[in-house]
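Let's take a friendly walk through the strands and sheets of this chain. Have the sequence and the model open as you read.

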Amino acid sequence: VVGDFILVDNFCGTVEHIGLKSTRIRSLSGEQLVFSNHDLLNSRIQNYRQMQERRVVFTLRINYQTPYEKLAAIPSLLKEIIEAQGSKIRFDRAHFKSYEPSSLDFEIVYYVLSDDYYLYMDLQQQINLAIFHRFAEEGIEFAYPTQTVYLNPVCHSEPNEKA
């Protein structure tokens with residue numbers, strides 16, 4: 001319906017007009033997109049306005065030098081931070097997901113109990129700031145792409161001299 005925010009293929013925007021032969025959508029960058037209704041019917045349409053809650057999944061990459069005790073505490077720290085954001089959010093889980101080449105990865109999932117995109121972004125920002133602050137207090141460091149090279153000293157003997 002008019003006013004719905006939809007995603008069609010790689011295009012997204014708000015429905016402005018639905019006619020007999022075509023539908024006009026205003027994209028986020030401001031231009032008007034015109035779709036034939038035939039094309040719309042043959043496409044997959046994601047309607048974000050019909051969403052009742054928003055599932056959020058994000059990853060935190062932690063430094064390999066983090067002690068075991070601090071790693072083990074991260075899921076409960078994250079749960080505490082997310083639940084502290086109030087009644088418009090529901091914590092789902094936080095797990096040590098994988099060993100990556102330059103990080104220990106934790107996957108976090110929560111739900112925003114609204115379809116409001118601005119509320120979602122405000123909550124994600126508050127969570128990110130709280131994580132940054134709490135991890136600094138706990139001495140937990142974030143990882144960034146690095147590579148460590150270990151050099152093995154090799155003994156070189158003098159070449160045999162022939163007299």
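## A strand pair to start with

Over how many bridges do β7 and strand β8 pair? The count is ten, and β7 pairs with β8 (residues 103-112) in the antiparallel sense. Keep in mind that this model is predicted.

## The three-stranded sheet

That pair belongs to an open sheet of three strands, ordered β6-β8-β7, with antiparallel pairing. At its edges you will find β6 (54-62) and β7 (89-100), each of which pairs on one side only. On average, neighbouring strands of this sheet are turned by 20° against each other, direction ignored.

A helix joins the picture here. Helix α3 (residues 117-138) packs on the sheet and touches β6, β7 and β8. The direction of α3 makes about 25° with that of β6.

## The five-stranded sheet

Now for the other open sheet: five strands in the order β4-β3-β2-β1-β5, again with antiparallel pairing. Here β4 (32-36) and β5 (45-47) stand at the edges with a single partner strand each, so one side of each has no neighbour in the sheet. From one strand to the next, the twist averages 40°.

Within this sheet, strand β2 (residues 11-18) and strand β3 (residues 22-27) run antiparallel and are joined by five bridges. A handy place to check this is Thr14, which stands opposite Arg26 in β3.

Conventions
Residues are numbered from 1 along each chain as its sequence is written. This is a predicted model: local features need pLDDT of at least 70, side-chain atom pairs count only at pLDDT 80 or more; totals for chains, interfaces and linings use all residues. Side-chain values use heavy atoms; hydrogens and water are left out. Two strands pair if DSSP finds at least two bridges between them. Helices (H or I, at least four residues) and strands (E, at least two) are DSSP runs, numbered from the N terminus. Axes are lines fitted to C-alpha atoms, for helices over the stretch in contact, and angles run from 0 to 180 degrees between N-to-C directions. Contact means heavy atoms within 4.5 Å.
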